[in-house]
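Subject: Handing over the structure

Hi there,

Here is the structure I promised to pass on to you. Please open it alongside this note, and then read on for what turned up.

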Number of protein chains: 2
Amino acid sequence: MAERKVTSLDVAAKAGVSQSAVSRVFTPGASVSKKMSEKVRAAADELGYRPNVLARSLITGRSRIIGLVVAYLENQFYPDALERLSNALQEQGYHILIFMASGTGEGVDRVIDELLDYQVDGIITASVGMTDEIAARCDAAGIPVVLFNRGQEDLRLSEVTSDNVAGARKIAEFLVAGGHKRIGHITGWTGSSTGRDREAGFRSGLAEAGVEPAIVLDGHYRRAEAATAARAMVEQAQVDAIFVGNDHMAFAVMDELRVSMGLSVPDDVSIVGYDDVPLAAWASYQLTTLRQPSGRMVEATVSALLERIAAPDTPPRKIAIDGPLIIRSSAHVPEGWA
Amino acid sequence: MAERKVTSLDVAAKAGVSQSAVSRVFTPGASVSKKMSEKVRAAADELGYRPNVLARSLITGRSRIIGLVVAYLENQFYPDALERLSNALQEQGYHILIFMASGTGEGVDRVIDELLDYQVDGIITASVGMTDEIAARCDAAGIPVVLFNRGQEDLRLSEVTSDNVAGARKIAEFLVAGGHKRIGHITGWTGSSTGRDREAGFRSGLAEAGVEPAIVLDGHYRRAEAATAARAMVEQAQVDAIFVGNDHMAFAVMDELRVSMGLSVPDDVSIVGYDDVPLAAWASYQLTTLRQPSGRMVEATVSALLERIAAPDTPPRKIAIDGPLIIRSSAHVPEGWA
DNA sequence: GCTGCTTTTGCACAGGTATGCAAAACGGTG
DNA sequence: CACCGTTTTGCATACCTGTGCAAAAGCAGC
């Protein structure tokens, strides 16, 4: 009952030609006469033949598989990016082998090893870093890596982020112009480049206006910690505005302030996020936030990756894409900023 | 500069043994002496050797890759399920090749063909159906398929859903007990089994209490259509409660009613959803909803799939898992239901 | 029909691994 | 040491395809 797999040899026999002829018919750009092509395709269709991609990769050395490592999908930014990435790569004939790396460090390395076992043509990590050792491994194996939404000093790795420093600076200007006097910041995880860059940009933006942040707490990109931090900021530091390190946390902050504490956003406290995930535009939140242009970030990621797959000698690229501030109603809007 | 890939032959040469010995050392359950194992592993470590999974699958006929087809990731239920699926399969040594099939029908078939090209060991589709033809193809190729959160009459396909009929009936009872007189229903897409089953269960639950739905409109599982439908229900049919076909649409409905129309939920209109995605528990929504136990659904999906991979003669299974009604504050709570 | 040129085809091999089978090594007993 | 039963090892082959090379076929012109 287990139907034997139909191979190119079966097709060749049926069509009365050689196996290599069959192979050529299914290899774009190979030399085949029209008559041969028709004969072979007819036989193939009849038998239901399709080339075995795995066997093909074994000989070409290209699997057309891209490994994707992602930490968690709770933050809507990542499923959104995943969907775009998958579509973009599918269009180029590549496919995504997906791995969850819940932890950082240890777990990630094991996961990347498994990816390499699958002979992937390239690796994308979403908001996940790599150890030096594993970066060296990928480099030695000739497999290009692109960090998506995460930076790392390593020169062997490409990276695509938004311009976090400039973006956060823009937010600082916006809040200062809004007349806020006591401004707090809930950082993303300070162990991540995005978290650090946004904090740095924000501080420098404030400093330019001669302002100090009233209070800065680490939110670790987690809802619960962000909510706790927000409460502390209001109760202990009397902030009138908070820049939250990403939208995902900002929603928790808004919930905590409005629902649990009975405050008004933005009348009592202005909230600004970072990412502009789809949720930010929902009527319940109307979050003012800095947009990470995920469409363009994905484009850049894909082209940086494919470029290095096609020409391995191309040096890795570090790309930072600028994004606009999307003004909604979670923060007081200064004159002339509408 | 392109480092040659290190193969089992290289390791064999270095360790002074045969290639088959190396293979056996890396094949669990093969006959190898302790000394041999140590010698080979030492050489392998030194060279950085890891078995080529693709070459292995070519000969074993098992790729340890599972194909996952998913329509869209905007509804939080799916990223959540994807994360669980990936973790569960990873634990069993399987990995996920992911495909987006935005459209239905035509597009899905092409995508599944591509999956088959990759010699996947099994296929999971999330909220995506299959044509007869492609189901036959998978069956002929001996590749088990599990429909996740979607039913289909086809006997060759396994399926795992929540018990949509019973769940929706529970919701009907709840709303009737709550004293609602004019109850509306925004269906999920009526072209899907989940949409139809929920509608049927809901209608039968109402009927049992001698109640007719005041109005039923198709929301197509889309936010915009659900919002429009909700407005129509209130303005034209004066409903005092709406059962919305899934949480994803329910959030849009709540936004429309509360923010755009200035109504109170649940004082003016009670809202009940279906899924219990994480968002439903957020303070801004506090959505009363029927929980689809995604943890157990994923477990069932994985075991149904692996079971058929291990023993191809096992018949496909149709599994419907019961879920509890999670009572929060988006709907009036009848006496004794707390 | 013959020559020279271009296109098409077949042959044979390679890519990296797992596995059946037979030969070799091992270990214990008399 | 010879014997026999059990492990362990190596040899050879298979999995399915792409591709370099040489042979064959096609074609145009005389």
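Two strands are taken to pair if DSSP finds at least two bridges between them. The strands (E, at least two residues) and helices (H or I, at least four residues) are themselves DSSP runs, numbered from the N terminus. Before the findings, please note that this is a predicted model, in which local features need pLDDT of at least 70 and side-chain atom pairs count only at pLDDT 80 or more, while totals for chains, interfaces and linings use all residues. Residues are numbered from 1 along each chain as its sequence is written, chains are lettered from A and ligands numbered from 1 in the order in which they are written, and side-chain values use heavy atoms, with hydrogens and water left out.

**Sheets**

In chain A, an open sheet of six strands runs in the order E7-E6-E8-E9-E10-E12, with mixed pairing. Its edges are strand E7 (215-218) and strand E12 (325-326), each of which pairs on one side only. Strand E10 (residues 288-291) of chain A runs antiparallel to E12(A), and two bridges join them; Thr289(A) sits opposite Ile326(A) there.

**Cores**

A nonpolar core here is a set of buried Ala, Val, Leu, Ile, Met, Phe, Trp, Tyr and Cys residues joined through side-chain atoms within 4.5 Å. The largest one has 112 residues, and Ile186, Ile242 and Ile271 of both chain A and chain B have the most contacts inside it. Apart from it lies another core, of 50 residues, including Met130(A) and Phe99(B). In soluble globular proteins, nonpolar side chains tend to be buried together.

**Backbone points to check**

The peptide bond between Val265(A) and Pro266(A) is cis, with omega about 15 degrees, and Pro266(A) falls in the loop between helix H11 (247-260) and strand E9 (270-275) of chain A. In chain B, the bond from Val265(B) to Pro266(B) is cis too, with omega near 10 degrees.

Two residues other than glycine have positive phi values: Tyr221(A), near 60 degrees, and Asp276(A), about 60 degrees. Tyr221(A) lies in the loop between E7 and helix H10 (223-237) of chain A, and is buried at a relative accessible area of 13%. Asp276(A) is in the loop between E9 and E10 of chain A, and counts as buried at 15%.

Best wishes

Technical notes: Buried means under 20% relative accessible area, exposed over 50%, partly exposed in between (1.4 Å probe, protein chains only).
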